[in-house]
Amino acid sequence: MSSDTLAKAAAPQIPEQADSLRIVPQRRLGQWTAAAVVLVLLGLAVTSVVRNEAFQWDAVADYFTSDSVLRGLWLTLWLTAVVMVLGFALGTLLAAARLSSNPVLRSVSWGYVWLFRSIPILVQLLLWFNIGALYPRILGVRTVDLLGPVTVAIIGLTLHEAAYAAEVVRGGILSVDRGQIEAAQALGLSRWRRWWKIVLPQAMRSIVPPAGNMLIGTLKGTSIVSVIAVQDLLFSVQLVYHRTYQVIPLLMVATIWYTVVTSVLSVGQYYVEKHYARGSERTR
């Protein structure tokens with residue numbers, strides 16, 4: 001018997017019907033059932049909100065673009081932008097001090113971050129708002145005249161955000177491989193060019209996601225300044241419902257505006273992250 005005959009005899013016999021077999025996808029009955037239950041519950045929740053007359057959606061529509069609400073919205077956006085710019089400027093300086101070889105600068109930076117992350121933001125705002133009790137005059141000017149509610153809000157929020165921004169920037173810088181900085185030094189690049197061309201573009205991949213979250217958090221966190229009578233979005237709707245007693249619809253106005261703005265910021269964050277993720281595996 002030839003070797004070819006033995007090989008054919010040893011080979012497994014495949015039925016002729018194998019070509020006609022179909023691959024049947026696995027049935028995921030449990031997943032589809034859970035999805036159907038979630039959709040039903042979501043539909044019931046949306047229906048209850050839309051049809052609940054207590055929300056007074058006609059009043060929500062009337063006040064949604066009223067002058068007082070839009071002025072409060074503008075102040076909220078302006079305050080968020082100012083606090084983020086100043087907070088990250090101060091935070092970058094703190095991060096540089098934390099990464100320096102000077103032990104005094106490192107200690108001061110660490111102490112600042114530890115202190116302002118330990119004190120709740122509401123307590124900080126109230127302390128700054130009552131700073132006149134400790135220092136009635138600063139540079140010969142009465143503290144009451146020097147620090148109004150908006151100024152107090154900017155100072156308190158900026159100092160608070162700088163502590164978190166410092167850690168975000170420091171983490172981004174530390175994420176850059178040390179070998180690339182050494183390679184740039186070997187090429188004779190100046191310190192400024194090393195930071196601008198090598199360190200910063202790569203650090204931004206790690207900085208942008210938490211910075212975007214901080215931006216959204218700061219936007220919502222500005223609502224706390226209403227306790228010191230800063231006429232932001234929340235305080236503006238409070239002034240209206242204290243007069244009309246339409247608490248729920250006015251709170252819905254604020255809720256919808258916060259949702260719209262945070263959604264826009266989230267879209268912007270997505271494209272900024274995508275821009276800095278070019279050339280890496282993290283493209284989504």
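This is a predicted model: local features need pLDDT of at least 70, side-chain atom pairs count only at pLDDT 80 or more; totals for chains, interfaces and linings use all residues.
1. L39 has its place in helix α2.

2. Helix α2, which covers residues 29-51, gives the largest share of the patch, with five residues.

3. Now for the inside. In soluble globular proteins, nonpolar side chains tend to be buried together. Here, the largest nonpolar core has 17 residues, and the ones that touch the most other members are V69, L233, V237, V253 and W257. Two or more residues of this core come from each of α4 (67-99), α11 (233-244) and α12 (247-276). Helix α12 provides the largest share, seven residues.

4. Apart from neighbours within four places in sequence, V253 is in contact with V60, Y63, F64, V69 and V237. Of these partners, V69 and V237 are also among the core residues that touch the most other members.

5. One more residue to look at is T158, which sits in helix α8, residues 149-174. Is T158 buried or exposed? T158 has a relative accessible area of 9% and is therefore buried, as the limit is under 20%. Once neighbours within four places in sequence are set aside, the contacts of T158 are V83, L86 and G87.

Conventions. Residues are numbered from 1 along each chain as its sequence is written. Side-chain values use heavy atoms; hydrogens and water are left out. A nonpolar core is a set of buried Ala, Val, Leu, Ile, Met, Phe, Trp, Tyr and Cys residues joined through side-chain atoms within 4.5 Å. Buried means under 20% relative accessible area, exposed over 50%, partly exposed in between (1.4 Å probe, protein chains only). Helices (H or I, at least four residues) and strands (E, at least two) are DSSP runs, numbered from the N terminus. Contact means heavy atoms within 4.5 Å.
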